[in-house]
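Here are my notes on this one, as numbered points. Have the model open while you read, and start with the sheet.

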Amino acid sequence: MCIRDSIHLAGAEARGNRRLLQVVDVTGTQRLIEEARRAGGGRLIVPSRPNADPHAIHPLLRAKGGVERLVARGGIPYTIVRTATLFGRDDRFSELILSLAIWSWPVVWLPGGGKTPLQPLWVEDYAYCLVSALDRPDLVGRTVAVAGAERLSYRDIVRAILAISGRQRILLPLPVKLVRRLSLFLLGWWHWPPAGRFFMDRFSAPEVTDLDATQHLFALQPARFGETITYLNRRARATNPRGTGEHAGPASPERAAHRHSGPKRPRPPAPTHASSDAPARAGAPPSFHSTTHRLPTHVRTAPDCAAQRRRPHTIH
């Protein structure tokens, strides 16, 4: 069996556990490389983080640096894609900041005074970059970086999240060391902590790169943070749980124009079967029209969503 290309997405960053980080990220990558060589695999595409270095002080960056070194010395074609902070529905960044703001009422913490610069990248744009890299032979053996097209301070990001969610909090600047200790004392004992230990590393090693990096590499203009976090509007989601209304998904001008252009199409009739697991037509697999497997009508694949902001590609 010959594997053409692989995208390595396994990681334990969200758990905030150093041992799991070593086992899943580093040891797991080593085993993946060995199996890829044994199977005659093609190129390996590996996500990583800015500032990754096997000699870094922070455990996450040190582990990611170790992964990059293993991949570079693995003897198989590779492409390493370093990404800035990702955001999207049910993520571990914007949703986490909102959860912490709700939990810490009436204040919200600003580590380092909220001055840390960030370039958050929408997760569907990142997925588009990973899929596009599969068809880019010019990226073989390279380490590239992608990020959002705007550089925001953590204070600006918190303000945008509070504004879209309709909440008011007092912005409380705190030293990074104090916030790190508070997080470890108050949240570190959870089995799945809402704010992992590695969340605080971004305030010591800012995740930024060139503002036009994504556009230069993949001819894609990334979605803007403030126009894309409408999924944090809990009130709109509560009144419209299927996510097909005004506040569903990113509210960029391109998507708005696409959503409202042309005559409205009638909604297809609902399946007449009694059980949600029953096939809707003869010969269909049982889960084809299953209610538990049906995606919301606004969900699309990353390439389709990102293609609206894509420009003709030129290899530099």
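1. A word on terms before the sheet: two strands pair if DSSP finds at least two bridges between them. Helices (H or I, at least four residues) and strands (E, at least two) are DSSP runs, numbered from the N terminus. Bear in mind that this is a predicted model, where local features need pLDDT of at least 70, side-chain atom pairs count only at pLDDT 80 or more, and totals for chains, interfaces and linings use all residues. Residues are numbered from 1 along each chain as its sequence is written, and side-chain values use heavy atoms, with hydrogens and water left out.

2. Now the sheet itself. It is open, with four strands in the order β1-β2-β3-β8 and parallel pairing. β1 (5-7) and β8 sit at the edges, each pairing on one side only. On average, neighbouring strands are turned by 20° against each other, direction ignored.

3. Strand β3 (residues 78-83) deserves a look. How many of its six residues are buried? Five are, so β3 is largely enclosed by the rest of the structure; buried here means under 20% relative accessible area, with exposed over 50% and partly exposed in between (1.4 Å probe, protein chains only).

4. On one side, five bridges join β3 to strand β2 (residues 43-48), and the two run parallel.

5. With helix α2 (residues 59-72), the two strands make a right-handed β-α-β unit. Right-handed means that, with the strands pointing away from the viewer, the path from the first strand over the helix to the second runs clockwise.

6. On to the helices. Seven of the 10 residues of α3 are buried, so α3 is largely enclosed by the rest of the structure. Among the buried ones are Glu95, Leu96 and Leu100.

7. What does α3 pack against? The axes of α3 (residues 94-103) and α5 (residues 154-165) come within 10 Å and cross at roughly 75°; axes are lines fitted to C-alpha atoms, for helices over the stretch in contact, and angles run from 0 to 180 degrees between N-to-C directions. The contact (heavy atoms within 4.5 Å) includes Ile97 and Leu98 of α3 and Ile157 and Ile161 of α5.
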